[in-house]
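Subject: Handing over the structure

Hello,

Here is the structure I promised to pass on to you. Have a look at it first, and then read on for what turned up in it.

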Amino acid sequence: MAVNILVIKESKLDSTVDNDEVYLSAFELVRKDRKINGRNGVCIDLRTNLNYRIPNDLSNDECLFLDISKPQSTPFLVGTWHRPPS
């Protein structure tokens, strides 16, 4: 079985980390970086052959959702979020 979607929370990625540094072959990285105030980022790696869109009405500073569509399949939603312990 192959991995098609990899969801990561608490990614610790910020503007100092380039996509090339965390590149996975045959994957596209969609990321929401952590903010200066110390909140953790989230990201989703998905196969380059998957079509997706980011529904803006579901995303904020601490979560990321992707609406994924495949030929001859019902579209589905994948998401990740991080809620800091406060």
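This is a predicted model: local features need pLDDT of at least 70, side-chain atom pairs count only at pLDDT 80 or more; totals for chains, interfaces and linings use all residues.

D45 sits in strand β3, which covers residues 42-47. D45 is a buried residue without a salt bridge. The nearest side chain of opposite charge belongs to R31, and it is 9.4 Å away.

Five of the six residues of β3 are buried, so the strand is largely enclosed by the rest of the structure. β3 runs antiparallel to β1, with five bridges joining the two, and K9 stands opposite V42 of β3. β3 is also antiparallel to β2, joined to it by six bridges. On that side, E28 stands opposite L46 of β3.

Next, the other sheet I looked at. Three strands make up an open sheet in the order β4-β5-β6, and their pairing is antiparallel. β4 (51-53) and β6 are the edge strands, each with a single partner, so one side of each has no neighbour in the sheet. From one strand to the next, the twist averages 30 degrees. Three bridges hold β4 and β5 together in the antiparallel sense.

I68 belongs to β5 and is buried, with a relative accessible area of 0%. Between I68 and Y52 there are 16 residues of separation in sequence, yet their C-alpha atoms are 4.3 Å apart in space. Apart from neighbours within four places in sequence, I68 is in contact with I5, L46, L50, N51, Y52, P75, F76 and V78.

How many salt bridges does the structure hold? There are three, and here they are one by one.

- R53 and D67: the closest N and O atoms of this salt bridge are 3.4 Å apart. R53 lies in strand β4 and D67 in strand β5, so the pair ties together parts that are 14 residues apart in sequence. R53 also stands opposite D67 in the pairing of the strands. Both ends are partly exposed: R53 has a relative accessible area of 48%, and D67 has 21%.
- D33 and R31: these side chains meet in a salt bridge at 2.7 Å, N to O. D33 is partly exposed, at a relative accessible area of 22%.
- E10 and K12: the side chains meet in a salt bridge at 3.9 Å, N to O. E10 is partly exposed at 39% relative accessibility, and K12 is partly exposed at 45%.

E10 lies in the loop between β1 (5-9) and β2 (27-32), and K12 is placed in the loop between β1 and β2. Phi of E10 is near 55 degrees, a positive value in a residue other than glycine. Phi of K12 is near 65 degrees, again a positive value in a residue other than glycine. As background, most residues other than glycine have a negative phi.

Finally, the aromatic side chains. The count comes to one aromatic pair. The ring centres of F65 and W81 are 6.3 Å apart and their planes meet at 20 degrees, so the pair is stacked. F65 lies in strand β5 (residues 63-69) and W81 in strand β6 (residues 76-81), so the pair ties together parts that are 16 residues apart in sequence.

Best wishes

Methods
Residues are numbered from 1 along each chain as its sequence is written. Side-chain values use heavy atoms; hydrogens and water are left out. Rings of Phe, Tyr and Trp (its six-membered ring) pair if their centres lie within 6.5 Å; planes under 30 degrees apart count as stacked, over 60 as edge-to-face and the rest as tilted. Helices (H or I, at least four residues) and strands (E, at least two) are DSSP runs, numbered from the N terminus. Buried means under 20% relative accessible area, exposed over 50%, partly exposed in between (1.4 Å probe, protein chains only). Lys and Arg count as positive and Asp and Glu as negative; His and the chain ends are not counted. A salt bridge is a side-chain nitrogen of Lys or Arg within 4 Å of a carboxyl oxygen of Asp or Glu. Contact means heavy atoms within 4.5 Å. Two strands pair if DSSP finds at least two bridges between them. Axes are lines fitted to C-alpha atoms, for helices over the stretch in contact, and angles run from 0 to 180 degrees between N-to-C directions.
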